[in-house]
Every structure is written in C-alpha cells, then in structure tokens.
Amino acid sequence: MENKRNFANRFDWTLAFILITFLVISLLAIASAQTSGQYGINYVPKQLQWYVIGAVIIGIVMFFEPDQYKKMAWYMYGAGIALLVLLIFMPEGEGQIGAPVNGAKSWFHTPMGNIQPSEFMKTFYILALARLISKHHEVYSLKSLKTDFILLAKIGVALIIPLGIIMKQPDLGSALVFFAITAALVIVAGITWKIILPTFVGGAAIGGILLWMALYMQDFLEKTFGFKTYQFARIYSWLDPYSYSSSDGYHLITSLNAIGSGEIFGKGFRGREVYVAENHTDFIFTVIGEEWGFIGASIVICIFFLLIYHLTKTTLLLKDPFSTYVCAGIIAMITFHVFENIGMTIQLLPITGIPLPFISYGGSSLMGNALAIGLVFSMRFHYRTYMFTTHDEDD
C-alpha cells in the first residue's frame, strides 16, 4: 500500500525533465523568431499558455490506468472521427469556424485559438490500434498466415476511415504520420515477415510510381485521384528549388540559407539575418540552425534522441501488451514528426505541414503531444503499482 502513496518513486522524472528542456528551447526559439517583424502579437506567452494546458492534460491522463484506456479506446477513436467529420460541415467563409488555411480545411477556428482535430486523432488512433492488436492476439493465441492476414485487414479498416477524411481536407502531412504509426505497429504486432516484406516493398513501389507520375503524368493524377496543383509544386520545388526560386521553391531556399549561414557556432541569440516566413511554427528549426549553428542544432537533435531512447526503454520495461503497443505507436509518431520536420528544412524530404514536437508554436500540436506523452506517464506510473502489489491488494 505504501507504493500507492509514493508519488515520487512512480513519477517519470526523466521524461518530465526532457519536456522542461523542450519548453526552454521552444520559448527561446519563438522569442527570437519574432524579431523579423512578421508577427503582430507576442507568441511566447501564448506558447507558455499551451504548455501549461499541456501539463494539465498530462496530469489528468496520467492518473487513469492503462486498463481504463483499453476500455475507452474505441470510444476515443469514434470521438476523433466525429470531430473530423464535423469539421467537413463547418462553414468555410472568411472568419468562419471552418475557414480553410492555405487550401486545407483542417482547423476549428475558436476564440481560444485554432484547434486541429487530426492532432488528437493520431493518439486516439494509436489507442484503437493497440486495443485491436492486443485483443486479436487474445482471440487468436495460435499464429498463422491466416490470422496475420485477418489482423492486417482489421488494421487496414481502422486506418482507412481517418485517412480518407484527412486526405479530403487535404492534409498530406498528417496522412503520412498515420502511415508511420501503422507501419510501426504492424511490425511490433508480430505479423510474419512473409506478409510484411511484400507489403512494404509494394508500398515503396507504389510511392515510387506516384513520384514518377507526379513528374511526368500530372494531368492523369489530377483527373483520376484528385491531386492538387500545389501538391505537385511541392515535389518540383523539393527536387529543384532554385528553378522555382520566385515561387514554391522560395521557402526551401530561405530555409537552407538560414541553416547554412549558422555554420558551426551560429550567430547568437536574436542574431538572425535570413528572413524565413512563419519560422515560429513548422520552420522553427531554421531559427535554431542559424542562431545556434551546427553545434546547437545537433544538441537539439540529441535531446530528441534522448526522448526516443527513454520512451523505448519504457516500452521495453512494460509487460502489458496493450501498453507496449501504445508506447510503440507514440514513439513512431514523435520520431516521424522529428525526422520529417527537420528533413524538410534541409531538403532531405519534401515540405509538409508537420511541426517540430514540443518546440514549434501551436496549441493543437502541443496538446496532442501532451495527450500522447500523458499516456506514457500513465503506463510508467501504474506499472510500478502492478510491479510491487499483489492481486489480493488490488482487489
């Protein structure tokens, strides 16, 4: 019974320290991003506000046990789908709650701020997949090719619903995150490589074909699959930004110039010289690269590696399959966000609307990530209870 009262031993202090480090980095980077004069308001206190709300979310989420999330998983998934569907029917006029931003209808515009339901749906989807996979293994204790195909089909159905709505918005960045989560959980679910390998190779082949078609068969993709002209422009400007320097390639060029000009040690806090549009959100890494240089940017990347390493250690510590799948999905989500966001600023990957977790300004991103990290806190917090108590004590 004593361990139930010993909060200090059950709380994940390492994870909390990492998050506080990200808070400091985020506030410094956003404060510096605003010196370019492109913003009419101070985003630093607003980001601190979102962090406080995120901390409250973590605190609430942490005190519910994993078994309770397992029971609520499909209800949360359904609530997320309902929000995505509701967004479709919101009025789109200027100043309306469902007004599109940069051609994408992905946000509820509220007096408190813009809320993007797909950020929360990512975590709801992870919970649903974790419940689906763990339940499947309970029903089919003996694995076979047939049971693995059944599991893969179930996962496909769970994916296609939110994916179809998100692509309709359109929000390619979030769609890619859903693919990354699914791929990770398919692997850790124990599905045989006789199925996984052909599936992944087939997916890579389809991606390669679509890239080739984007370069040489644009009209066909527009008419058949509904691709938009700006989506093709992102690919062209990614492969050859300097040929589109006055249009779609401009953002990438300024990003490369900003990061490159930081060289080894950077220009110092608020010492930026290269203008990068909206550098407090998706392109926050350009501020870090220019002001803190290669050394500072590498330190930030190392902190993300430390976060992923710590989450992986927590995942390996857990014994409950549901909790393990949840943590694995969260690791995949955060890892993909970091890889894609940093990769797009240095031309490693195409530009998508994906923020840098815990550092980019944004309420939806912070609250969505807080929800996910809160689940990890919960798994670790209640794991210690199960570890030191007997079933009789719990009863």
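A disulfide is a pair of cysteine sulfur atoms within 2.5 Å, and this structure holds zero of them. What you have here is a predicted model, in which local features need pLDDT of at least 70, side-chain atom pairs count only at pLDDT 80 or more, and totals for chains, interfaces and linings use all residues. Residues are numbered from 1 along each chain as its sequence is written, and side-chain values use heavy atoms, with hydrogens and water left out.

Let's stay with the cysteines for a moment. Cys-327 is buried, at 2% relative accessibility, while Cys-302 is partly exposed at 48%. Those words have cut-offs: buried means under 20% relative accessible area, exposed means over 50%, and partly exposed is in between (1.4 Å probe, protein chains only).

Now go to the loop between α12 (250-261) and α13 (284-317), where you'll find Thr-281. The helix numbers run from the N terminus, and the helices are DSSP runs (H or I, at least four residues), just as strands are (E, at least two). Is Thr-281 buried or exposed? Thr-281 counts as buried because its relative accessible area is 17%. Its side chain reaches the backbone oxygen of Glu-278 at 3.0 Å. Setting aside neighbours within four places in sequence, Thr-281 is also in contact (heavy atoms within 4.5 Å) with Ser-360 and Tyr-361.

Glu-263 sits in the loop between α12 and α13 too. Glu-263 has a positive phi of about 50 degrees although it is not a glycine, and it counts as exposed because its relative accessibility is 60%. Gln-347 also has a positive phi without being a glycine, at about 70 degrees. Look for Gln-347 in the loop between α14 (321-345) and α15 (363-388); with a relative accessible area of 26%, this residue is partly exposed.

Last stop: the surface. Leu-48, Val-52, Val-56, Ile-60, Phe-64, Met-72 and Tyr-75 make a nonpolar patch of about 670 Å². Patches are made of residues with over 30% relative accessible area and no salt bridge, joining nonpolar side chains (Val, Leu, Ile, Met, Phe, Trp, Tyr) within 5 Å and like charges within 9 Å. A salt bridge here is a side-chain nitrogen of Lys or Arg within 4 Å of a carboxyl oxygen of Asp or Glu, and accessible areas come from the Shrake-Rupley method with a 1.4 Å probe, where for residues only the protein chains shown count as cover.

Which helix gives the largest share of the nonpolar patch? That's α4, with four residues, though α4 (43-62) and α5 (66-88) each supply at least two. Val-56 is in helix α4 and is partly exposed, at 47% relative accessibility.

Technical notes. A polar contact is a pair of N or O atoms within 3.5 Å; within protein, one must be able to donate a hydrogen and the other to accept it, and residues adjacent in sequence count only if both atoms are side-chain atoms.
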